[in-house]
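Here is a short report on the model shown below.

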There are 2 protein chains.
Amino acid sequence: MSSESLAKGAAPRPVSLTGDRPTGPLHIGHYVGSLLNRVEMQHTYQSFVLVADLQALTDHADQPQKVSDHILEVALDYLAVGIDPKLSTVVVQSGVPELSELTVYFLNLVTLAQLRQNPTVKAEIQQKGFGERVPAGFLVYPASQAADITAFGATVVPVGEDQLPMLEQTCEIVRKFNRLYAPDDPVLQEPAAVVPRVSRLPGLDGQQKMGKSLGNALFLKDSAEVLVQKVMGMYTDPQHLRASDPGRVQGNPVFAYLDAFDPDQSALEDLKAHYERGGLGDVTLKRRLIEVLESIFQPIRVRREELAQHPDEVRRILLEGTRRGREVAAQTLSKVRRAMQLERWHSPA
Amino acid sequence: MSSESLAKGAAPRPVSLTGDRPTGPLHIGHYVGSLLNRVEMQHTYQSFVLVADLQALTDHADQPQKVSDHILEVALDYLAVGIDPKLSTVVVQSGVPELSELTVYFLNLVTLAQLRQNPTVKAEIQQKGFGERVPAGFLVYPASQAADITAFGATVVPVGEDQLPMLEQTCEIVRKFNRLYAPDDPVLQEPAAVVPRVSRLPGLDGQQKMGKSLGNALFLKDSAEVLVQKVMGMYTDPQHLRASDPGRVQGNPVFAYLDAFDPDQSALEDLKAHYERGGLGDVTLKRRLIEVLESIFQPIRVRREELAQHPDEVRRILLEGTRRGREVAAQTLSKVRRAMQLERWHSPA
């Protein structure tokens, strides 16, 4: 609760936590999938937005420079889309060592079997082809995520469906912690998952997932030229060879993007019908998408380019957000240590 | 390097790290196996002695009170045997959160396979019957131990033979850290294992190992009465039924203890010969052992009882040692963060 809201006598706003791994710039899939939602949430929630550089290092340990550089990129993306440092607290994870401390305490409350059986972890280990050679830090990241959530006191965590088992593990850790160390007066709070009603955007190549590293993403930082080039190269309907041929709307990523972004949805219905009966060429269709995307992303790009001229200003915002986040985490850790009876022999008080 | 040694122009003393998990009071096996060695080492090494309460919690997560209580017990044992807070720095692990932070960084540098294949970890997981249900914190404790060693800059770590693979893992982590993050100017130092030439004491019951939790240990805190009772109940040679029978010296724990403690080793040789040819009763033999042990442990016990009257004084020593230890660890972590490029976006400097 901020002192401001206390002064006004307002009820404390519920706390939410979201975040991203700084392993690449954010793309329009992030925009519709989570960023827009955060920009909205910051008005009703006390919003912590975590630039999870430590989590990025769990499988990029050998690329510290890349991770460090992308902290700025991700922060620029945040600010450009409208995450407002006056409303949201943007925290760089490695600036809050209390998160690592809490992670270590939580590691005692989960077993190897529980970590390996977590469907989210299991899928990601498989996807990355790690097997038994998974870095220990990656294997245990549910404990680290539980630390992030509980240290900031988040009770609301917007996640994708695939992240639900991860959040369930956080709840299990919280219950176990409270049962063992604070049975009469729980120290930690169980978070609730909120799965935002957003569509997942396919990749430019029509693959189900748009991914930073899949080479099929349209980034917020892409220039107008790159945007045109990427849209013009998009996968459509491979059977749709001549404009006069009938084309498929279903599974056509150009229409998926128009569904997500076109403000004139009734005109879009006409376009779809036209495409299906034939006579609407891909180039015309893509020009419409470019127009739609430019109207949304041009102002974001401009703002991003302006901010990128002033990295010191961004750094100041991150420094201040990290300081505020650390303050909250330190308060939690102080309660945690007391509950675990850790301070008896070495606290100066 | 202390400012004192700088002032004197002396070369910095090499740094050693030793420690114990506070899960029970220390016994005479610890005394001959490590404590005596530490008392000697503190004159030539800059000695850090770690009360490893966080490590104790990795498999005692549900007994925080027990762990907390035994921090005092272990500290009393240390001080009673002659670990001198003016020469050694006694640090409570949980008072140095930098150790947890470094552990989290190190977790990215070891794989699940490497942890599971570590013979020390493997043997302990088997011994404790954990299997796949091993607490994650226990599984990863080689990373935590690597953090303890490197955070204090220890280059010498006295260990038992069984701990050698653990130390090898520390060296691997150090090499990987330096290669990835500080190739030109190594930040962390590889420790050397020193296996002290000490005999391992068998249990009172003749079992190979004396263990805190095996019910076969003679504790430093045991009263004179308990000592007499425990020695009188010791296993000897089960074939040695009458004093007149020849008895076995080999595998007889009473002789193992006399070997370790009797200051008059030539008289001991006579006793052994006498026992082997028959005519020396167990009671006479045990009386000799009681005399020998009392001469060593009576002054230790007296000092321990005195100290136990002043827990605030012990607390002050732990507080001061932990503060000094934390200062050293914080310096290491500052270098570590810089090498990992973690401070670029959120350090106030």
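## A strand covered on both faces

Both faces of β3(B) are covered, with B:Ser88, B:Val90 and B:Val92 buried on one side and B:Thr89 and B:Val91 buried on the other. Buried means that 20 or more other C-beta atoms lie within 10 Å of the residue's own; 12 or fewer makes a residue exposed, anything in between partly exposed, and the C-beta atoms are placed from the backbone. Strands here are DSSP runs of E with at least two residues, helices are runs of H or I with at least four, and both are numbered from the N terminus.

This is a predicted model, in which local features need pLDDT of at least 70, side-chain atom pairs count only at pLDDT 80 or more, and totals for chains, interfaces and linings use all residues. Residues are numbered from 1 along each chain as its sequence is written, while chains are lettered from A and ligands numbered from 1 in the order in which they are written.

Five of the five residues of β3(B) (residues 88–92) are buried, so the strand is largely enclosed by the rest of the structure. Strand β3 of chain A (residues 88–92) is mostly covered, with five of its five residues buried. A:Ser88, A:Val90 and A:Val92 point one way from β3(A), and A:Thr89 and A:Val91 point the other way.

Strands pair if DSSP finds at least two bridges between them. The table sets out the pairings.

| Pair | Bridges and sense | One bridge partner pair |
|---|---|---|
| β2(A) (residues 46–51) and β3(A) | five bridges, parallel | A:Val51 and A:Val92 |

## Core and a loop residue

The largest nonpolar core has 189 residues. Such a core is a set of buried Ala, Val, Leu, Ile, Met, Phe, Trp, Tyr and Cys residues joined through C-beta atoms within 7 Å. A:Ala75, A:Phe106, B:Ala75 and B:Phe106 touch the most other members. Leaving aside neighbours within four places in sequence, A:Phe106 is in contact with A:Ala143, A:Ala146, A:Ala147 and A:Ile173. Contact means C-beta atoms, placed from the backbone, within 7 Å.

A:Glu190 lies in the loop between α10 and β5 (192–194) of chain A. A:Glu190 has 17 C-beta neighbours inside 10 Å and so counts as partly exposed. Not counting residues up to four places away in sequence, A:Glu190 touches A:Cys171, A:Val174 and A:Arg175. A:Ala154 is 36 residues from A:Glu190 in sequence, and their C-alpha atoms are 8.3 Å apart.

## Domains of chain A

The domain assignment gives domain 1 (3–199 + 311–339) and domain 2 (224–306). The bounds come from an automatic or database domain assignment. Over C-alpha atoms, the two domain centres are 35 Å apart. The contact between the domains takes five residues from each. On the domain 1 side, α4(A) gives the most, with three residues.

## Where the chains meet

How many residues does each chain bring to the contact? Chain A gives 48 residues and chain B gives 48 residues. Helices α4 (64–81), α10 (164–181) and α15 (311–339) of chain A are among those that each supply at least two residues of the side of chain A that touches chain B. A rotation of 180° with 0.0 Å of shift along its axis superposes chain A on chain B, with an RMSD of 0.1 Å. That is the relation of a two-fold axis. The superposition is by least squares on C-alpha atoms of residues with pLDDT of at least 70 in both copies. Of the interface residues of chain A, 100% are also interface residues in chain B, so the copies meet through the same surface.

Conventions:
Contact = placed C-beta atoms within 7 Å.
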